[in-house]
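This briefing concerns the predicted model shown below. The notes are grouped by topic.

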Amino acid sequence: MIRIRNLWKRYGSREVLKGLSLDVSQGEIFVILGRSGVGKSVLLRHILGLETPDAGSIQIGRIDLTSCSEEDKLSLTKNMGMLFQGSALFDSMTVGDNTAFYLTQHPNPLTQSPFSKGEIQDRVDKALDMVGLSGTKNLLPSDLSGGMRKRAALSRLIVYRPSILLYDEPTTGLDPMTSQQITDLIIATQQELQGTSIVVTHDLQSAIAMADRLALHDEGRLVHVANPEQFFEIDHPIISFFKSISKRSLVS
Ligand SMILES: Nc1ncnc2c1ncn2[C@@H]1O[C@H](COP(=O)(O)OP(=O)(O)OP(=O)(O)O)[C@@H](O)[C@H]1O
Ligand SMILES: [Mg+2]
């Protein structure tokens, strides 16, 4: 469970988050839509503990990220994974090593002991298999297409089996078929890990396909939250715009 209350964040003179609140339940896929530059990535970085808000609280389970000890913060963030906008793979490492990276750096959260080489190989093979990249373990990110890079980034995320998964524009820049594959993978990952997912996207078809609930991020806050059927009936210029785009793309 993620519960955010009255979150404020300013960079210089620009107030980006202005009293944002949010509730996401365990097991839910919560999708955030919004115009470019409104602060969607900033919000995800706060949930991941990479940014400190000026005011407000971020409660994850029973712990408040904004006031807990460093030790609690570390144990919380270890259970989270994020697919960064732009994949953020290590260019000099193979797909296999990219996928294994987190496991080589962190102990198993269940046992606190380091992962053995065998365990790492098993998990990497399973994650690559799940995203359809089994044959690419020894390739470098530069050998991959954009869609394959997204899938490699996804395998690096799911290999650690986090309970909270954050996705920042997972399908941007991909063709419709590859977008659909990534969307299906996000849904399959959610079902497999039984986690809690927050997805920021501009891809309406993907949003509708995966969302349990949708939210509109505007003016520094989530101004509307609803399930997909109700969301597109909301009278708001940005939602109407999204709706007209989705109708057009469904017709064409
Ligand atoms: N570390 C930072 N320092 C200064 N300004 C920042 C920082 N991070 C974000 N911002 C500003 O905050 C605003 C929101 O940025 P953010 O990246 O969250 O937008 P976004 O909603 O994710 O947009 P997009 O859909 O284009 O990815 C932008 O104006 C950005 O310039
Ligand atoms: Mg962004």
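An open sheet of six strands, with mixed pairing, has the strand order 6-7-8-3-9-10. A separate set of four strands forms an open sheet in the order 2-1-4-5, and there the pairing is antiparallel. The chain is divided into domain 1, which covers 1–79 + 164–252, and domain 2, which covers 89–161.

- Strand 3 (residues 29–34) and strand 9 (residues 213–218) run parallel and are joined by five bridges.
- Within this part of the sheet, Leu33 stands opposite Leu216 of strand 9.
- Helix 6 (residues 176–193) lies across strand 3, strand 7 (164–168) and strand 8 (196–200).
- The direction of helix 6 is at about 160° to that of strand 8.

- Eight bridges link strand 1 (residues 2–11) to strand 2 in the antiparallel sense.
- Ile2 has Val24, in strand 2, as its bridge partner.
- Helix 1 packs on this sheet and touches strand 1, strand 2 and strand 4 (55–60).
- The direction of helix 1 makes about 60° with that of strand 2.

**Surroundings of ligand 1**

- The shell around ligand 1 consists of Tyr11, Arg14, Val16, Gly34, Ser36, Gly37, Val38, Gly39, Lys40, Ser41, Val42 and Gln85.
- Two elements, strand 2 (14–24) and helix 1 (40–47), each give two or more residues to this shell.
- Of the elements, helix 1 gives the most to the shell, with three residues.
- By class, the shell around ligand 1 has four nonpolar, six polar and two charged residues.

**Domain arrangement**

- A distance of 24 Å separates the C-alpha centres of domain 1 and domain 2.
- Domain 1 contributes 11 residues to the contact, and domain 2 contributes 11 residues.
- On the side of domain 1 that touches domain 2, helix 6 provides the largest share, with five residues.
- That side of domain 1 comprises six nonpolar, four polar and one charged residues.

**Packing of helix 5 and helix 6**

- Helix 5 (residues 146–158) packs with helix 6 at an angle of about 10°, and their axes are 10 Å apart.
- Helix 5 is therefore roughly parallel to helix 6, as angles under 35 degrees count as roughly parallel.
- From helix 5, the residues that make the contact are Gly147, Lys150, Arg151, Leu154 and Ile158.
- From helix 6, the contact is made by Thr178, Ile182, Leu185, Thr189 and Leu193.
- The residues of this helix contact divide into five nonpolar, three polar and two charged.

Technical notes
Residues are numbered from 1 along each chain as its sequence is written. Chains are lettered from A and ligands numbered from 1 in the order in which they are written. This is a predicted model: local features need pLDDT of at least 70, side-chain atom pairs count only at pLDDT 80 or more; totals for chains, interfaces and linings use all residues. Two strands pair if DSSP finds at least two bridges between them. Two residues are in contact if their C-beta atoms, placed from the backbone, lie within 7 Å. Axes are lines fitted to C-alpha atoms, for helices over the stretch in contact, and angles run from 0 to 180 degrees between N-to-C directions. A residue is near a molecule or strand if its C-beta atom, placed from the backbone, lies within 6 Å of it. Ala, Val, Leu, Ile, Met, Phe, Trp, Tyr, Cys and Pro count as nonpolar, Asp, Glu, Lys and Arg as charged, and the others, Gly among them, as polar. Domain bounds come from an automatic or database domain assignment. Angles under 35 degrees count as roughly parallel, over 145 as roughly antiparallel, 65 to 115 as roughly perpendicular and the rest as oblique.
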